[in-house]
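Let's take a walk through this protein together, from the overall build down to single side chains. Please have the model open so that you can find each residue as we come to it.

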Amino acid sequence: MEGMKKSAILCAAALLACIPAQATEEAMNKALATWEQQNSEYQAALRMAATPETRAKITAPDGADVAQALWKAVSKAKTTTREGKDGKQEEVTTYEFEEPWAVPAVVWFVEHPQALARVAADKKGKGRTVSYYAEKLMDALHRKHFADPRIAPVCAKLAEGSTPKEYEILEKIYNRNQDKDARGCAAMGMSLLLCNPLIASIGGSEAEVRAKRVYYLKQSLLLTRDDTMFGSARLSEVASEQAYRLRYLMPGCIPPQMTLKDMNGKVAKLPVKGKPHLLLFWSPEEETGTEIVRKIDKLAEANPGVVLVPVTHFCTPDAITRLHEETGIPFTYMDDEKGTAAAAYRISSLPTAMLLGENCSILYSGSPDMQLQAKIDELTRKEKAAQKAAKPKVIVEGDPTPAKPKAPAAGKDTAPPLREMPEFNSPVRKPSK
């Protein structure tokens, strides 16, 4: 009887071993299918909308329900042992999203970080924070999924990052993934991330960073198909935009010429060679740029040799006239109503400053901050020194009456005191008999 019971237990165990413990992959696929269905219905509704007003009322799916179901399918934790940085074995917590089958879920959460934040908010007080899970997802990409061909869509989102971690993951995908699309998307992501000063600082000199950007840009086009997507756009379109920026808007490049009008309606073409120019794209609707333009005369005096060129963004001549009357803005140029100049210079935020050298090459492009001031100081050091030397020396004025010289102290080496001078107006005495 005991033997029969033991055999039955062994048979049951064998049968159970053939059955998956949890249908997590199936649950993941079901959640992703729900997401695809929601998007299809959304796109269909947009196509059927008869008027812009109707289209504006149609809301895109937020993925809240999908995120909950997807996270439940791939977030189960377990403890395992692996080798640590010091070579010793250590116990760590791993998650199902580190499994190879979970790559689609990882891609979805990386592409929809707000959905992950929603999941973490719902679990507040019951577990880890969203930053913890976001870091674990990135670790899964870095250690486990970098070689998977399905990882290509992640590259566009990684390119929006701001830390060397994203660059390291893209570099690993580019070097070790066998799929050409994945490698091409990673190359594009690396080219974009090298725009970030923090990441560019570890890439070498400005010339070396620019060469790397150009190289990875070429590789992205060589490796990918014509219909390869990079985020919401075709990779070829993104590459074309980056080529424009590398040609015209990088430090050392000469930006495109723009046609502007001053406050009197006079047409001017800028920039021009001969003197350094500081272009400042600003709008009366934002405070920082308005304050800078209000003090433009003082700035010109403090930075000799630099021509200050404020350019208003989407502002009519009448609005500028009112602004001049209300705030005393002394001078500005105006972009046209279409914002042609701002578009040519790819202005995405205001205010944006661009410092150009005597030959019109870009020395700085970005926010008007301390880095810009350092570049201007470096550029105007000679002018400021000459200006300082040309100023007349100021003599400190004191009491106009000269001080009486003090008599030297008596001593063996000092001359005898002078005799008292006679009074010339005193009566002459007759000699005594």
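What follows starts with the whole chain and then visits a few places in turn.

This is a predicted model, in which local features need pLDDT of at least 70, side-chain atom pairs count only at pLDDT 80 or more, and totals for chains, interfaces and linings use all residues. Residues are numbered from 1 along each chain as its sequence is written, and side-chain values use heavy atoms, with hydrogens and water left out.

The chain holds 19 helices and 11 strands; helices (H or I, at least four residues) and strands (E, at least two) are DSSP runs, numbered from the N terminus. Of its 433 residues, 36% count as buried, where buried means under 20% relative accessible area, exposed means over 50% and partly exposed lies in between (1.4 Å probe, protein chains only). Among contacts (heavy atoms within 4.5 Å) between residues at least 6 apart in sequence, 64% join residues at least 24 apart.

Let's look at strand S10 (residues 352-356). Here 5 of the 5 residues are buried, so the strand is largely enclosed by the rest of the structure. Thr-352, Met-354 and Leu-356 are buried on one side, and Ala-353 and Leu-355 on the other. Strands count as paired if DSSP finds at least two bridges between them. S10 pairs with S7 in the antiparallel sense over 5 bridges, and Met-354 is the bridge partner of Leu-279. S10 also pairs with strand S11 (residues 362-366), again antiparallel, over 4 bridges, with Leu-356 opposite Ile-362. In the hairpin of S10 and S11, 5 residues lie between the strands, and Cys-360 takes a positive phi near 75°.

From here, go to Glu-286, in the loop between strand S7 (277-282) and helix H14 (287-294). Which residues does Glu-286 touch, leaving aside its neighbours within four places in sequence? They are Leu-350 and Pro-351. Glu-286 is buried yet has no salt bridge, and the nearest side chain of opposite charge, Arg-294, is 10 Å away. In this count Lys and Arg are positive and Asp and Glu negative, while His and the chain ends are not counted; a salt bridge is a side-chain nitrogen of Lys or Arg within 4 Å of a carboxyl oxygen of Asp or Glu. The side chain of Glu-286 does reach the backbone nitrogen of Thr-288 at 3.3 Å, and one of its polar atoms lies 2.8 Å from the backbone nitrogen of Gly-289.

Arg-294 has a salt bridge with Glu-291, the closest N and O atoms being 2.6 Å apart. These two are 3 residues apart in helix H14, so about one helical turn separates them. Both are partly exposed: Glu-291 at 33% relative accessibility and Arg-294 at 32%. Elsewhere, salt bridges that share partners join Asp-181, Arg-225 and Asp-227 into one network. The whole structure has 12 salt bridges, including one between Lys-157 and Glu-160 (3.3 Å, N to O).

Our last stop is helix H9 (residues 164-176). Its end C-alpha atoms are 18 Å apart, which agrees with the 18 Å that its 13 residues should span at 1.5 Å a residue; the expected span is 1.5 Å times one less than the number of residues. Among the buried residues of H9 are Tyr-167, Ile-169 and Leu-170. The buried residues of H9 pack against several helices, including H7 (130-145) and H12 (206-223).

Notes. A polar contact is a pair of N or O atoms within 3.5 Å; within protein, one must be able to donate a hydrogen and the other to accept it, and residues adjacent in sequence count only if both atoms are side-chain atoms.
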